[in-house]
Amino acid sequence: MLLNPVISKLSGKLVVLASASPRRLEILSNAGLRFEVVPSWFKETLDKSLFKNPYDYAVETAKQKALEVAHRMPFKHLKTPDIVIGADTVVTVEGLILEKPTDKQDAYRMLSRLSGKEHSVFTGVAIVLCHDKSGSGTDFKVVEFYEETKVKFAELSEEMLWEYINSGEPMDKAGGYGIQALGGMLVEYVQGDFLNVVGFPLNHFCKQLGLIFNSPPESPAHKVKRESDEAWTLVNSLSEGATNGEVELLENGKDGSRMSMQEQNVIGPECPKCNRQDVPHSIISLLDGFKASKTLFTASKLKVFDVLSSSKSLTLEEVAGQISASVLGTERLLEAAVSLGLLESVKQQNTSVYRNTEQANRFLVSDSPESLHGYILHCNDMVWPLFSHLENAVREGTSQHERAFGKKSEDVFQDAYYSKDEVKIRFMNAMHSIARVTGKDVATAFDLSSYKTACDIGGCTGAMAYEFTKANPGLSVIVFDLPQVIEMRRHFQSKENDDRVSFVAGDFFKDDLPKADLYILARILHDWSDEKLHVLLGKLSKMCTPGCGLLVSEIFLDEERKRPSRALLQALSMTEGKQRSTSEYSDLLEKYGFVPKHIRHTDNLLDAMLFVKDPTDKRTLLGCSSASIETAELE
């Protein structure tokens, strides 16, 4: 069954994919399905030992992912989906479930176990059908199924194993390989649905859609078959299901153990009917978007999250007293924060008490290791005023620093940021916040073991540099930034006190760069004009001999320049630079002799690309070590 016959049934319905997987997004988009992506917050921590079969685990995980999104959207996104699709893919060999590897050694263990053997790839899928019940919340009906595909690996040599692991591809793939990319070279044969191995069983999904939307509710039970070696079966996630090869789809109230489509009724909290197609819910959520941002900014500035982190829970009056605010104003702020998922509110002895959510404790408390507090204050104090003049920015095509702060942008950077220690530290704290949250993912994006020295250009407090030395024991990193920044870095000294991180003061447009095997440009290229980039990249091109590495970390646009919206919204600040796609960054850097080697989308605030200096480049060669030249030859 193809998707086209049922696509008209989905017209006008809000279909949501509860997954950030680019592979699932591509498969469903190519099939012509129109949907939104809302990644699930469900933590994949189910105890595998409780499940009789691997596919039971995959189906249950998929169901929990989809239900989490179905419950959250009416209150966090101000709209109720009609359909939520959840999926989870696992690789099994010899009874062991292999998920995504945690590091390179874990990837090695997985791939070694798969070498020369046949294994199974199971994808569990849950389709949640959401129906508003008048006056009593939302009814969720869950349709579950799974697909199995057999895959046989060739015998893999140590050299082939490590070459594949060092490509970086295994790290975000179940079982440690991606069959649709380099991992396809490891495979001898596939029996079953190829797309199931990629991450989503499209054929089986389309059949299920047909059963859901093409069968009248008053029709008798349907016999549904799924091909396997012995019989056609459909199996529920937590029950053995049918044993005779045929499964009946029964209505609610009948024998649930025989249902291949398990319909689970879950009553959610009451909410207004928000799945009407004549109401522009997405536009309404945008209208309220600025209010949500300002709620976060204000709660952060008043240190609400800090106050609540020091206690399990506080009453309204206790919070108001500690932040020196009115009870009425505090009540409305806390209630708004609860509605946005920033805080939790529970009843204790007829009184509401408030506490941080897990995410608030992790990212919003000012002294937490991964705190975004500094960046949030920067958005409130610097970005918010700029965007209040967006109409002028669009008309003129220029930055609105002068209107917002009474100074031109060049003056604001020097006078506002660097004339007072307080403001200087505030800006550095914002950059420090981003580096702490993104640093680990960027530092572990690629195998950098062949590089011995790195230079983090514009590395600010060194937060990113410390993540690089943690991830790469043989690497030392020089942080190169303005003298004013280096002078103030003592306020952000790493607790590890790693002597492999050093600091050198200088202006990367005017001064000589330190010599290194690897140069890091994190959140640098998008900020500057082509003329200034020509100065910086020209300098790097001359510094680097063949094999020198250049790691670029930015938000990467897709090739159609449609997403992520965060990058395109950031561009509205009208800096002299621009946001780019991976191909645009490749084109830019190839002009200076750097060849793209690897790309990693981290699902964090920043992505990463690794470039290597082209051995055929004829520019002046001044200085990288011979070790990096050997690296280029090996690749």
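At 1% relative accessibility, F205 counts as buried, where buried means under 20% relative accessible area, exposed over 50% and partly exposed in between, for a 1.4 Å probe and protein chains only. This is a predicted model, in which local features need pLDDT of at least 70 and side-chain atom pairs count only at pLDDT 80 or more, while totals for chains, interfaces and linings use all residues. Residues are numbered from 1 along each chain as its sequence is written, and side-chain values use heavy atoms, with hydrogens and water left out.

**Confidence**

- The chain has a mean pLDDT of 81, and 81% of its residues reach 70 or more; pLDDT is the predictor's confidence in each residue, from 0 to 100.
- Over residues 216-274 the pLDDT stays under 50, and the model has 122 contacts beyond four places in sequence for this stretch, a contact being heavy atoms within 4.5 Å.
- Residues 620-635 also have pLDDT below 50, with 35 contacts in the model beyond near neighbours in sequence.

**Aromatic rings**

- The structure holds 12 aromatic pairs, counted when ring centres of Phe, Tyr or Trp (its six-membered ring) lie within 6.5 Å, with planes under 30 degrees apart called stacked, over 60 edge-to-face and the rest tilted.
- F200 and F205 form an edge-to-face pair, 5.1 Å centre to centre with 70 degrees between the planes, and F200 is buried, with a relative accessible area of 0%.
- One aromatic cluster is formed by Y55, F122 and Y146.
- R72 lies over the face of W41, 3.8 Å from the ring centre, and the charged end of R489 sits over the ring of F503, 4.1 Å from its centre; the rule is that NZ of Lys or CZ of Arg is within 6 Å of the ring centre and within 35 degrees of the ring normal.

**Nonpolar cores**

- The largest nonpolar core has 55 residues, of which V304, F305, L448, F468, L518 and L551 touch the most other members; such a core is a set of buried Ala, Val, Leu, Ile, Met, Phe, Trp, Tyr and Cys residues joined through side-chain atoms within 4.5 Å.
- A second, separate core of 45 residues includes L28, V93, L98 and A107.

**An open sheet**

- Three strands form an open sheet in the order β10-β12-β11 with antiparallel pairing; strands are DSSP runs (E, at least two residues) numbered from the N terminus, and two of them pair if DSSP finds at least two bridges between them.
- The edge strands, β10 (314-315) and β11 (343-348), each pair on one side only.
- Strand β12 (residues 351-356) is joined to β11 by 6 bridges, and S345 stands opposite Y354 in β12.

Definitions and conventions
Helix = DSSP H or I, 4+ residues; strand = E, 2+ residues; numbered from the N terminus.
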